[in-house]
Amino acid sequence: MIQLPPDHAERFALAEEVHARPPEPMPTPARATYLAVLVDADDRGRESAHLARLCERFGVAPPARELTHFSARMGGLQVKWERHGEFSSWTIVAPGAEREAFAEPASSLLPEGWLGGLPGATLMAAHAVLAPAPDTPPDEATLTRHFADHLVVGAEVADGQALAYTDFKIHMDGFSRFLLLNRSMSPRMAGRVVQRLFEIEAYRMMALLALPMARRLSPRIVAIEKALAHLTDGIAREEGADEALLQELTRLAAEVESGLAASQFRFGASRAYADIVRTRIAELREVRLGGVSTMGGFMARRFEPAVATCQTVSARLHDLSERVAQASGLLSTRVDIARERQNQALLS
């Protein structure tokens with residue numbers, strides 16, 4: 001056996017990272033439920049204990065505390081838990097068809113009350129139905145039966161191996177819906193496509209967490225921009241109130257930096273999550289179906305403008321910070337020169 005230098009402390013963990021969180025294979029027919037739950041750091045212990053109780057109920061060994069993902073068969077269900085940076089995701093897969101699509105979701109087979117007892121706040125919840133594809137794409141009446149009167153988007157996915165439909169709406173039961181009609185996908189491919197569909201919606205919601213903040217900050221930014229324009233005009237007029245102008249500029253600088261400190265993590269996360277959404281949509285390899293928009297086209301019209309709003313607000317804050325700093329530097333220099341002249345006059 002060839003001897004190597006000592007292993008780096010993180011060698012094996014990094015090598016296994018690309019194999020972490022594999023999609024759960026899904027036979028056809030099957031159904032799945034997915035939840036994205038925002039969990040505070042203080043509630044991580046409660047989350048682990050809640051999962052351990054479910055494992056105990058089905059006689060399954062619970063995961064070690066340091067693990068960030070876990071998957072096990074519990075009765076007729078496959079339960080998968082993943083801990084992400086800001087949220088935890090839960091995927092429940094049940095084989096077999098329902099009497100009516102979305103009438104008996106996979107989550108209904110969990111012990112009563114267990115799902116509602118999860119710590120944290122639900123940001124996204126969705127059901128997916130995986131069924132054999134009919135000879136022709138479903139007509140409008142069929143889609144209406146599954147998605148009510150909502151606008152449905154869909155496409156051929158996985159190089160034409162399946163049809164995928166959704167309305168990106170929260171239905172009366174509190175869940176979004178995805179319908180995947182399998183033509184020729186293997187169970188592993190079907191599981192991968194279902195996971196991508198779930199992640200598109202989960203990361204879309206995570207990206208849009210920045211939108212309410214952007215809307216709150218916009219009027220404040222407009223007010224600061226007007227105040228800065230007024231102060232800059234005062235500096236240009238040289239009316240002799242430099243000390244008062246500098247004090248007001250310092251206040252504006254503090255207000256801008258406060259807005260930056262409070263928002264930049266959220267705006268940065270929005271950029272990262274939006275990139276994941278785009279990647280997952282590209283991985284679907286959509287081919288347009290007649291009469292319905294693709295998911296990529298829908299996101300381009302409805303999602304991208306919201307992300308652009310967040311990035312515009314972030315850029316305006318950074319621009320304001322630089323402009324206030326420049327005005328403050330200019331005025332500070334002028335105040336310093338005036339003080340030097342006063343000191344020279346006193347010395348004379």
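These are my notebook entries on a predicted model of one protein chain.

**Entry 1: the whole chain**

I started by counting elements and got 8 helices and 9 strands. Next I looked up how spread out the chain is. The radius of gyration is 28 Å, while the globule rule gives 20 Å for 348 residues, so this chain is more spread out than a compact globule. The C-alpha trace spans about 95 × 60 × 45 Å along its principal axes.

I also checked burial, and 46% of the 348 residues are buried. For contacts between residues at least 6 apart in sequence, I found that 72% join residues at least 24 apart.

**Entry 2: surface and charge**

The accessible surface comes to about 18,200 Å², and carbon and sulfur atoms account for 55% of that. I noted 39 positive and 44 negative side chains, with the centres of the two sets 3 Å apart.

**Entry 3: Met185**

I found Met185 in the loop between β8 (176–182) and α4. Is Met185 buried or exposed? Its relative accessible area is 7%, and buried means under 20%, so Met185 is buried. Leaving aside neighbours within four places in sequence, Met185 has contacts that include Leu130, Ala158, Leu180 and Val193. I also looked up Ala15, which is 170 residues from Met185 along the chain; their C-alpha atoms are separated by 29 Å.

A reminder to myself: most residues other than glycine have a negative phi, and most peptide bonds are trans.

Phe168 has a positive phi of about 50 degrees, and it is not a glycine. Phe168 sits in the loop between β7 (162–166) and β8, and it counts as buried at 9% relative accessibility. Not counting residues up to four places away in sequence, Phe168 touches residues including Val153, Phe178, Ile200 and Met295.

Arg285 has a positive phi too, near 55 degrees. I placed Arg285 in the loop between α6 (242–284) and β9 (287–288). At 32% relative accessibility, Arg285 counts as partly exposed.

Last, I checked the peptide bond from Thr28 to Pro29, which is cis, with omega near 5 degrees. Pro29 is in the loop between α1 (11–17) and β1 (30–38).

How values were computed
Residues are numbered from 1 along each chain as its sequence is written. This is a predicted model: local features need pLDDT of at least 70, side-chain atom pairs count only at pLDDT 80 or more; totals for chains, interfaces and linings use all residues. Side-chain values use heavy atoms; hydrogens and water are left out. Helices (H or I, at least four residues) and strands (E, at least two) are DSSP runs, numbered from the N terminus. The radius of gyration is taken over C-alpha atoms; the globule rule is 2.2 Å times the number of residues to the power 0.38. Buried means under 20% relative accessible area, exposed over 50%, partly exposed in between (1.4 Å probe, protein chains only). Contact means heavy atoms within 4.5 Å. Accessible areas come from the Shrake-Rupley method with a 1.4 Å probe; for residues, only the protein chains shown count as cover. Lys and Arg count as positive and Asp and Glu as negative; His and the chain ends are not counted. The place of a charge is taken as NZ of Lys, CZ of Arg, CG of Asp or CD of Glu.
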